[in-house]
Amino acid sequence: MFITFEGPEGCGKSTHSKRLKSYIEGKGLRVLLTFEPGGTQVGKEIRSLLLKPESVLDETTEVYLFAADRSEHVSKIILPALNEDKIVISDRFIDSTLAYQIGGRRLPEDLVRYLNMVSSKGLVPDLTFLLDVSPEIGLKRATQHGKADRFEQEAIDFHTRVRKSYLRIAKDDPARFVVINTDDQTIEEIQNKIRETIDAKLGDQN
Ligand SMILES: Nc1ncnc2c1ncn2[C@@H]1O[C@H](COP(=O)(O)OP(=O)(O)OP(=O)(O)O)[C@@H](O)[C@H]1O
Ligand SMILES: [Mg+2]
C-alpha cells in the first residue's frame, strides 16, 4: 500500500506521517517512511537548491528539479520498498507538484502532468491524506521553529492558490483522497481520524 500526505505549509504532514508510521508498525507491519523533495542521496542536493531562500529559480527550472528528485525517489526508494511488500508513506508526492507548480506557479497543466507521469513512472498513491489549512494558520505553524524556506517566503496569494488547487484535485478524485481540515483540530484529533481511515483500509485488504 502506498500512502501519501499532502497539503500546504504547516498543515501537519510531517507530524502525522511519523505518527502513522508508528501506528502501523504497532500492528506488526513493515513501513517505509519517506519524503519529497530530498528522499534520496541526489535528492538532498536538489532539495537544498529548491528550498534555500537564496536560490533564484525560473519556474520551469523548478518543476524540472522536482521531477528529477521524484525520478530518483520512485526508482531508488519507493518502488523497491513496495516490491518488498512494505507499506510506503511519503510526506509529499505528485499532488504537491500539481498544487504548487500549476496552482501556485501557474505553469501549463499539460507540462506538469506529463512530468509527473514520467517522474513517478505512473505510480499513483492508493490513499492520500490532504491536510487542509488556511494559509495564515499554516504559515504561522511552519515558521514558528525557524527561518522560512523559499516557498514559505512566497506571498499569501501564492499559498491561497496552492490551497485551492489541492482542494480541487481532491474533489476530482474522491476515491483516493481523505480531506481533513486542521485549522481548529488538535494533532490527536486529526491523527485519530487518520487511524480510523487506515484501520478501515487495512480491514478491507484482509
Ligand atoms: N493541528 C495542529 N494544531 C496545532 N499545531 C499543529 C497542528 N498540526 C501541526 N502542528 C504544529 O505545526 C508545526 C508544523 O507541523 P508539520 O511540520 O508537521 O507540518 P508540515 O505540513 O510538515 O509543514 P511543512 O510544509 O513546512 O513541511 C509543528 O510544530 C507541529 O507541531
Ligand atoms: Mg514537513
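User: Why does Arg92 count as buried?

Analyst: Arg92 has 25 C-beta neighbours inside 10 Å, so it counts as buried. The term requires 20 or more other C-beta atoms within 10 Å of the residue's own, whereas 12 or fewer make a residue exposed and values in between make it partly exposed; C-beta atoms are placed from the backbone. The model is predicted: local features need pLDDT of at least 70, side-chain atom pairs count only at pLDDT 80 or more, and totals for chains, interfaces and linings use all residues. Residues are numbered from 1 along each chain as its sequence is written, while chains are lettered from A and ligands numbered from 1 in the order in which they are written.

User: Where does Arg92 lie, and what is its phi?

Analyst: Arg92 belongs to the loop between β3 (87-91) and α4. Its phi is near 80°, a positive value in a residue other than glycine. Helices (H or I, at least four residues) and strands (E, at least two) are DSSP runs, numbered from the N terminus.

User: Why is Lys121 called exposed?

Analyst: Lys121 has 12 other C-beta atoms within 10 Å, and therefore it is exposed. Lys121 is placed in the loop between α5 and β4. Although Lys121 is not a glycine, its phi is positive, at about 55°.

User: What makes Val74 buried, and which residues does Val74 touch?

Analyst: Val74, found in helix α3, has 23 C-beta neighbours inside 10 Å and so counts as buried. Not counting residues up to four places away in sequence, Val74 touches Leu79, Ser119, Ser120, Lys121 and Leu123. Two residues are in contact if their C-beta atoms lie within 7 Å. The C-alpha atoms of Val74 and Glu9 are separated by 23 Å, and these residues are 65 apart along the chain.

User: Why is helix α4 described as largely enclosed?

Analyst: Eleven of the eleven residues of α4 (residues 94-104) are buried, so the rest of the structure largely encloses this helix. Among the buried residues are Ile94, Leu98, Tyr100 and Ile102. The buried residues of α4 pack against β1 (2-6), α3 (59-83), α5 (109-120), β4 (127-132) and α7 (156-172). Just after α4, Arg106 takes a positive phi of about 65°.

User: How do you know that the length of α7 agrees with its number of residues?

Analyst: The expected span of a helix is 1.5 Å times one less than its number of residues. For the 17 residues of α7 this should give 24 Å, and the end C-alpha atoms are 25 Å apart, which agrees. The buried residues of α7 include His159, Val162, Tyr166 and Ile169. These buried residues pack against β1, α4, β4, α6 and β5 (177-181).

User: Which residues have the most contacts inside the largest nonpolar core?

Analyst: They are Ile89 and Leu131, in a core of 39 residues. A nonpolar core is a set of buried Ala, Val, Leu, Ile, Met, Phe, Trp, Tyr and Cys residues joined through C-beta atoms within 7 Å. Leaving aside neighbours within four places in sequence, the contacts of Ile89 are Ile3, Ser17, Leu20, Lys21, Val31 and Leu33.

User: Which helix supplies the largest share of the shell around ligand 1?

Analyst: Helix α1 supplies the largest share, three residues. At least two residues of this shell come from each of α1 (13-25), α6 (135-143) and α8 (187-205).

User: Where is the peptide bond that is called cis?

Analyst: The cis bond joins Glu36 and Pro37, with omega about -15°. Pro37 lies in the loop between β2 (31-35) and α2 (41-51).
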